[in-house]
Amino acid sequence: MLTIGCHLSSSKGYLAMGKEAVKINANTFQFFTRNPRGGSAKELNPSDIEAFLAYAGEHKIHKILAHAPYTLNACSADAHLRDFARETMADDLRRMEHTPGNSYNFHPGSHVKQGVETGITYIAEMLNQILRPEQTTTVLLETMSGKGSEVGRTFEELREILDRVTLSDHMGVCLDTCHVWDGGYDIVNHLDEVLTEFDQVIGLKRLKAIHLNDSLNPLGAHKDRHARIGEGHIGKDALIRVVNHPALKHLPFYLETPNELDGYAAEISLMREHYQYLKTRRINP
Ligand code: FE
Ligand code: FE
Ligand code: ZN
């Protein structure tokens with residue numbers, strides 16, 4: 001069974017997201033932990049969480065993925081902004097434990113002229129301050145497109161961060177198909193090679209989630225503009241191959257395509273329809 005969902009608005013709470021997911025035939029979803037521009041988080045509602053956990057069990061909603069506000073910068077040159085990123089993420093991780101066993105994704109940050117080495121040092125430092133041995137949440141570094149001075153465009157940079165985190169058992173990677181494509185990894189013509197490289201540099205066991213997006217820009221553009229499935233430079237067939245790749249097909253897939261709910265529903269059904277397509281064909285020629 002393919003685990004796939006999309007990004008949903010968290011404004012109405014967990015149960016509402018769970019129901020929305022089920023309505024569009026998703027069995028997971030992603031959401032922002034708070035306003036993406038980084039405001040204070042809404043108070044958690046224990047009865048909403050309890051109702052969601054029961055609903056998720058009933059409807060077999062798998063691991064959900066929280067996304068940190070994308071404006072946080074753990075490697076800013078400004079110490080106040082680094083503190084803000086650390087405190088916000090620490091608070092998010094405390095809150096995540098109310099829905100145990102899920103994942104929390106964040107953009108490593110932008111080093112803005114300090115150099116990637118300094119950026120990596122700050123990011124790892126922050127993680128060492130906020131990770132707790134007892135936490136059940138896995139923290140994911142997202143692969144980035146390399147726009148501006150983003151850290152995490154290359155697998156090597158992500159590996160470098162992971163290597164410096166003491167409680168690295170609580171860490172993983174979320175691969176964004178638009179970002180790696182824009183970052184210069186040719187997942188259209190060389191998916192096997194890209195995944196082999198990922199395995200050699202980071203290790204596939206660290207890969208915990210996929211952001212499934214098409215890209216408005218060509219390979220290596222360093223732009224990060226998502227497109228609907230089949231409306232970008234990656235294309236529908238390549239994304240179907242991603243979902244079916246033996247190294248990936250067990251992972252949860254999250255659409256972050258520019259869509260309303262009905263558009264997401266259509267992309268989910270497209271992917272479900274083509275899941276294990278090749279295998280089925282081989283069994284019944
Ligand atoms: Fe992201
Ligand atoms: Fe993403
Ligand atoms: Zn993006």
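Colleague: Where's the place of methionine 89?

Modeller: Methionine 89 is in helix α3. Helices are DSSP runs (H or I, at least four residues; strands are E, at least two), numbered from the N terminus. Keep in mind that this is a predicted model, where local features need pLDDT of at least 70, side-chain atom pairs count only at pLDDT 80 or more, and totals for chains, interfaces and linings use all residues. Residues are numbered from 1 along each chain as its sequence is written, chains are lettered from A and ligands numbered from 1 in the order in which they are written, and side-chain values use heavy atoms, without hydrogens and water.

Colleague: OK. Does methionine 89 count as buried or exposed?

Modeller: Methionine 89 counts as buried, because its relative accessibility is 2%. Buried means under 20% relative accessible area, exposed over 50% and partly exposed in between (1.4 Å probe, protein chains only).

Colleague: And what is methionine 89 in contact with?

Modeller: Setting aside neighbours within four places in sequence, Leu72, Tyr104, Phe106, Met126 and Ile130 are in contact with methionine 89. Contact means heavy atoms within 4.5 Å. Leucine 255 is another story: methionine 89 and leucine 255 are 166 residues apart in sequence and 23 Å apart in space, C-alpha to C-alpha.

Colleague: Switching to the metals. Which residues are the protein donors of the iron ion (ligand 1)?

Modeller: His67 and His107, each through NE2, and Glu142 through OE, at 2.1 to 2.3 Å from the iron ion (ligand 1). A donor is an N, O or S atom within 2.8 Å of the metal (3.2 Å for Na, K and Ca), and with water not among the atoms, sites may look incomplete. The spacing of these donor residues in sequence is H-x39-H-x34-E.

Colleague: Where do histidine 67 and histidine 107 lie?

Modeller: Histidine 67 is in strand β3 (residues 65-67) and histidine 107 is in the loop between β4 (103-106) and α4, so the pair ties together parts that are 40 residues apart in sequence. Both histidine 67 and histidine 107 are buried.

Colleague: How far apart are the iron ion (ligand 1) and the iron ion (ligand 2)?

Modeller: They are 3.3 Å apart, and glutamate 142 coordinates both.

Colleague: Why does histidine 179 get called buried? And what about aspartate 224: buried or exposed?

Modeller: Histidine 179 is buried because its relative accessible area is 2%. Aspartate 224 is buried too, at 18%.

Colleague: How far apart are the zinc ion (ligand 3) and the iron ion (ligand 1)?

Modeller: The zinc ion (ligand 3) and the iron ion (ligand 1) are 5.2 Å apart.

Colleague: New topic: which residues of helix α5 are buried?

Modeller: In α5 (residues 155-164), the buried ones are Phe155, Glu157, Leu158, Ile161 and Leu162. Seen down the helix axis, they fall within an arc of 165°, so they line one face of α5. That arc is taken from the directions from the helix axis to the C-beta atoms.

Colleague: What do the buried residues of α5 pack against?

Modeller: Quite a list: α4 (116-130), β5 (138-142), β6 (171-176), α6 and α7 (191-201).

Colleague: Last one, backbone. What is the phi of lysine 60?

Modeller: Lysine 60 has a positive phi of about 50°, although it is not a glycine. Lysine 60 is in the loop between α2 (46-58) and β3, and lysine 60 counts as exposed because its relative accessibility is 60%. Valine 112, also not a glycine, has a positive phi of about 35°. Valine 112 lies in the loop between β4 and α4.
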